[in-house]
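This briefing is for a reader new to the structure shown below.

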Amino acid sequence: MKVDLPHKHDKIDKKLLDELNDINRYDELSEIFKLLSDKTRLRLFLLLCQGEYCVVNISYIMNMSSPAISHHLRSLKYKGLINSRREGKEVYYKASDNKLVKQLHKMVKEVMRV
C-alpha cells in the first residue's frame with residue numbers, strides 16, 4: 001500500500017514509512033556503528049572474527065598496550081559483538097557466534113574491498 005506525501009507527486013510504501021518512523025529500532029544499530037567507527041575497535045573486531053586470542057597476543061598483534069586493548073574489548077563485549085572465556089589466569093576473546101556479528105563481518109569485509 002502506498003501513502004501520499006505532502007507534495008502529491010510522490011508516494012511512499014506504508015511499510016517503509018512505518019519502519020523509518022520506528023526510531024527505537026535504529027538505536028541499537030546506531031550504537032554498533034558508532035562503536036565500529038573507531039579504527040582500533042574495528043581492527044579488533046576483524047581480528048576476533050578470525051580467531052580466539054588472549055589480551056597479551058592481541059596487544060602484540062595490534063602494537064598497543066594491554067590496558068588500551070582491554071578498554072576497547074570491554075566496549076565490544078558490552079554490545080555483544082565479542083565473547084570471552086577464562087582459562088586459568090588468561091582471558092580469551094573471539095567474535096560472538098550470531099547472525100548480527102556474521103553480517104557485520106561480511107559487510108565490513110565487503111566495504112574494505114571497495
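Axes are lines fitted to C-alpha atoms, for helices over the stretch in contact, and the angle between two of them runs from 0 to 180 degrees between N-to-C directions. The model is predicted. Helix H3 spans residues 39-50, and its axis comes within 11 Å of the axis of H6, with the two crossing at roughly 115°.

**H3 against H6**

- Angles of 65 to 115 degrees count as roughly perpendicular, so H3 is roughly perpendicular to H6.
- The crossing in which H3 passes H6 is left-handed.
- On the H3 side, the contact is made by Leu 42, Phe 45, Leu 46, Cys 49 and Gln 50.
- On the H6 side, Val 101, Leu 104, His 105 and Val 108 take part.
- Seven residues of the contact of H3 with H6 are nonpolar, two are polar and none is charged.

**H3 against H5**

- The axes of H3 and H5 come within 10 Å and cross at roughly 75°.
- H3 and H5 are therefore roughly perpendicular to each other.
- H3 makes this contact with Thr 40, Arg 41, Leu 44, Phe 45 and Leu 48.
- H5 contributes Ile 69, His 72, Leu 73, Ser 75 and Leu 76.
- Sorted by class, the contact of H3 with H5 has six nonpolar, three polar and one charged residues.

**The largest nonpolar core**

- The largest nonpolar core has 20 residues, and Ile 58, Leu 73, Leu 81 and Tyr 93 touch the most other members.
- Two or more residues each come from helix H2 (24-36), helix H3 (39-50), helix H4 (55-62), helix H5 (66-78), strand E5 (90-95) and helix H6 (99-113).
- H3 gives the most to this core, with four residues.
- Not counting residues up to four places away in sequence, Leu 81 touches Ile 32, Leu 35, Leu 36, Phe 45, Leu 76, Ala 95, Ser 96, Leu 100, Val 101 and Leu 104.

**Tyr 53**

- Tyr 53 lies in strand E3, which covers residues 53-54.
- Tyr 53 and Tyr 92 are 39 residues apart in sequence, while their C-alpha atoms are 5.2 Å apart in space.
- Leaving aside neighbours within four places in sequence, Tyr 53 is in contact with Leu 47, Leu 48, Ile 58, Ile 61, Val 91, Tyr 92 and Tyr 93.

Methods
Residues numbered from 1 in each chain as written. Predicted model: local features only at pLDDT ≥ 70, side-chain atom pairs only at ≥ 80, totals over all residues. Heavy atoms only, no water. Core = buried A, V, L, I, M, F, W, Y, C linked by side-chain atoms within 4.5 Å. Buried < 20%, exposed > 50% of the residue type's maximum accessible area, 1.4 Å probe, protein only. Contact = heavy atoms within 4.5 Å. Parallel < 35°, antiparallel > 145°, perpendicular 65-115°, else oblique. Left-handed = near helix turned anticlockwise from the far one by under 90°. Nonpolar A, V, L, I, M, F, W, Y, C, P; charged D, E, K, R; others polar.
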